[in-house]
Amino acid sequence: MEIMLAVLAGFLVSAGAYLMMSGKTLPYLFGLTMISNAANIIIFCAGRLTFGAPPLIPEGEKYIEGAANALPQALVLTAIVIGFGLLVFALTLAYRSWFVLGTVEMDDMHESEPGTEVIS
Amino acid sequence: MLLFWPVVIPFFTAVLTLLAWRSPEIQRGLSLMGAFALLASALAIFSHTLNYGPVAAQAGGWDAPFGITMVADALSATMVLLVGVVATAVILFSFSDVTREEEHFGYHPLTHALLAGLGGAFLTGDIFNMYVWFEVMLIASFGLLVIGGQPNQIAGAIKYVGLNLIATVAFIAGVGLLYGTAGTVNMSDLHNVLNGREGDSVVTASAAFLLFAFASKAALFPLFFWLPASYHTPSFSTSAMFSALVTKVGVYALFRVFSLVYDIEGSILEPILLWGAVLTMAFGVFGALSQSSVRRVLGYTIIGSIGMMILGFAVGSRLAVAAGVFYLFQDVLVKAALFLSAGATARLTGSELFARSGGVWRSRPFFAVVLLIPALSLAGVPPLSGFWPKLMLVQATLEQGSWFLAFATLATGFFMLFAVARVWSAVIWSAHPDGDRAITRTLDGPTWAPLVSLTLLVIFIGLNAGNFVDLTLTIADQIIDPTAYLTAVLGEPK
């Protein structure tokens with residue numbers, strides 16, 4: 001199971017990086033979403049993966065063997081929620097930048113750095 | 001309980017200013033009161049930490065390492081104090097700088113949300129919690145950056161948001177790996193658990209992720225391109241807040257995590273940090289020399305200064321770390337003063353482009369002198385505050401026998417002086433293109449008060465350098481040997 005998820009995380013990162021290098025705002029954000037999901041999978045795996053073993057400690061015991069650690073799942077939840085918020089902002093910004101700057105090519109956005117235009 | 005105030009007060013103020021949305025006057029009053037309350041709580045924490053050593057508070061009464069811990073040692077406490085000082089100065093300045101429209105779109109609530117994030121990031125003793133505070137800070141800074149909606153702001157924000165989101169993902173991935181191998185996210189507990197596991201590949205991988213994240217936030221070479229693209233685009237108040245405090249969080253996190261959690265001495269990351277710092281200094285000062293508008297030059301000098309701080313930390317001897325910390329503290333005040341004076345100058349001359357400004361010396365000589373002091377401090381002219389950390393850094397590198405690093409420090413200082421002289425001659429010294437009569441505007445009280453107070457603080461630090469050297473040497477001792485910090489969080493070792 002860990003191996004499958006590791007391969008999946010690697011696939012997400014490579015696909016995400018490919019999209020991000022296109023230099024356009026929207027594919028950049030899609031790529032970023034993929035990579036942040038890969039990071040979430042990494043945290044998820046950090047707490048062990050177990051089948052059918054709820055992390056409930058029986059009465060009188062201090063800890064249990066063979067159950068997944070529940071804390072990383074809480075951490076992933078936090079990371080997902082934060083990621084949603086950031087993604088919504090970034091999508092709005094991408095839309096707004098197309099609206100105001102008239103381009104989706106990040107290399108063509110020189111408004112903040114005048115004098116860096118490539119003369120072709 | 002005291003340790004939660006620097007987070008609670010700004011959040012509370014943010015909510016109150018939101019409620020007072022319809023009345024800019026009430027919003028301003030609340031905002032300034034919130035800043036003063038923050039400053040007061042920071043002073044209380046600072047004096048407590050100075051007298052009694054590091055203190056910790058456990059959220060909800062859950063003992064470390066299970067709950068979230070807030071810790072203040074001398075480094076955190078001083079950073080929080082600086083947040084209070086800069087917040088008060090910047091919010092006062094914003095009264096005549098930020099437009100009504102920007103206030104209407106939530107300048108005050110966003111600024112206080114940013115301050116809450118800063119306070120939390122400086123005080124937390126838990127690395128996942130630090131991630132959360134970074135996000136609070138990040139989302140507030142996104143809002144502040146685009147609040148006017150100008151094309152240059154949007155273009156700058158695309159770069160700022162793009163790189164910072166990657167850094168965020170790296171941060172969370174690093175924390176995930178760290179938890180997977182160590183089973184804890186409390187930084188003091190991590191210190192004990194990771195003790196003796198320096199060469200472990202998972203530990204090194206997580207350290208590399210975190211180094212990438214903090215280096216991007218701090219604008220270290222080669223991850224600094226977002227800074228000069230975005231920091232000059234929002235209002236001057238926001239620029240000042242960002243350059244004084246937000247990049248410094250990255251530096252603080254590097255200092256904290258790479259001394260408390262990881263032991264980088266002798267690892268592969270040590271030379272990366274060292275040479276990254278030297279290249280950051282070089283790119284910062286040369287970038288500054290190539291620009292022709294005030295805030296663009298200042299933006300690059302931030303990068304140069306960050307390089308110096310990291311260099312001190314990377315060299316690693318007691319004196320060098322103290323030099324890095326000293327540089328960090330005084331640079332907060334210097335950068336705030338410089339960006340605010342850039343705002344005041346632009347209001348006088350009508351532009352911040354070199355070609356479209358000038359004549360300040362002839363028409364407003366007193367203002368020019370106030371502006372000169374932080375500028376000379378940035379360049380490292382004695383006896384101002386920027387001189388002492390540079391002196392300490394040169395001495396520390398020479399003690400280690402590294403002539404090259406000493407030379408790099410001195411050269412950076414020299415080019416910094418050159419960059420400042422360029423700004424001075426273009427904006428202050430030379431005649432205004434429309435003739436000196438072009439300067440008719442005067443500066444009001446909310447502009448003068450923060451400028452003069454910050455300048456006086458810069459002089460005060462410079463003249464009382466002995467006390468501040470002692471303070472930073474104490475902090476360097478705490479960074480190198482965190483026993484007192486660990487005891488404050490985890491109790492006496494059994």
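In which sense do E1(B) and strand E2 (residues 69-72) of chain B pair, and over how many bridges? They pair in the antiparallel sense, over four bridges. This is a predicted model, in which local features need pLDDT of at least 70, side-chain atom pairs count only at pLDDT 80 or more, and totals for chains, interfaces and linings use all residues. Residues are numbered from 1 along each chain as its sequence is written, chains are lettered from A and ligands numbered from 1 in the order in which they are written, and side-chain values use heavy atoms, with hydrogens and water left out.

**Stop 1: the strand pair**

Select residues 55-58 of chain B, which form strand E1. Helices (H or I, at least four residues) and strands (E, at least two) are DSSP runs, numbered from the N terminus. Two strands pair if DSSP finds at least two bridges between them. Within E2(B), B:Met70 is the bridge partner of B:Ala57.

Buried means under 20% relative accessible area, exposed over 50%, and partly exposed in between (1.4 Å probe, protein chains only). In a regular strand the side chains alternate between the two faces of the sheet.

**Stop 2: the contact between chains A and B**

Show both chains and select the residues in contact, that is, with heavy atoms within 4.5 Å. Chain B contributes 34 residues and chain A 31 residues. The area buried between them is about 2,700 Å², and carbon and sulfur atoms give 80% of that area. Buried area is the accessible area (1.4 Å probe) that two parts lose on being put together, summed over both.

Next, pick B:Ile154, B:Ile158 and B:Tyr179. These supply 21% of the area that chain B buries against chain A, more than any other three residues.

Colour chain B by helix. H7(B) gives the largest share, 21 residues. By type, the residues on this side of chain B divide into 22 nonpolar, nine polar and three charged. Here Ala, Val, Leu, Ile, Met, Phe, Trp, Tyr, Cys and Pro count as nonpolar, Asp, Glu, Lys and Arg as charged, and the others, Gly among them, as polar.

How many salt bridges are counted between chain B and chain A? The count is zero. A salt bridge is a side-chain nitrogen of Lys or Arg within 4 Å of a carboxyl oxygen of Asp or Glu. One residue pair is in polar contact between the two chains, both residues at pLDDT 80 or more. A polar contact is a pair of N or O atoms within 3.5 Å; within protein, one must be able to donate a hydrogen and the other to accept it, and residues adjacent in sequence count only if both atoms are side-chain atoms.

**Stop 3: salt bridges**

Over all chains the count comes to 10 salt bridges. Go to B:Glu352 and B:Arg295, whose closest N and O atoms are 3.0 Å apart. B:Glu352 sits in the loop between helix H14 (318-349) and helix H15 (360-363) of chain B, and B:Arg295 in helix H13, 57 residues apart. B:Glu352 is buried at 17% relative accessibility, and B:Arg295 is buried at 5%. Other residues in contact with B:Arg295 include B:Tyr231, B:Phe236 and B:Phe339.

Move to B:Asp477 and B:Arg318, a salt bridge with closest N and O atoms 2.6 Å apart. B:Asp477 lies in helix H20 (residues 465-480) and B:Arg318 in helix H14, so the pair ties together parts 159 residues apart in sequence. B:Asp477 is partly exposed at 34%, as is B:Arg318 at 42%.

Stay in helix H14 of chain B for B:Asp331 and B:Lys335, four residues apart, about one turn of the helix. Their closest N and O atoms are 3.0 Å apart. B:Asp331 is buried at 1% and B:Lys335 at 0%.

Finally, select B:Glu25, B:Arg28, B:Arg100 and B:Glu103, which are linked in a network of salt bridges.

**Stop 4**

B:Ser188 is in helix H8 (residues 187-194) of chain B and is buried at 0% relative accessible area. Among the residues that B:Ser188 touches are B:Gly125, B:Leu260 and B:Tyr485.

B:Thr397 is in helix H17 (residues 387-399) of chain B and is buried at 1%. Leaving aside neighbours within four places in sequence, B:Thr397 is in contact with B:Val315, B:Ser402, B:Leu405 and B:Ala406.
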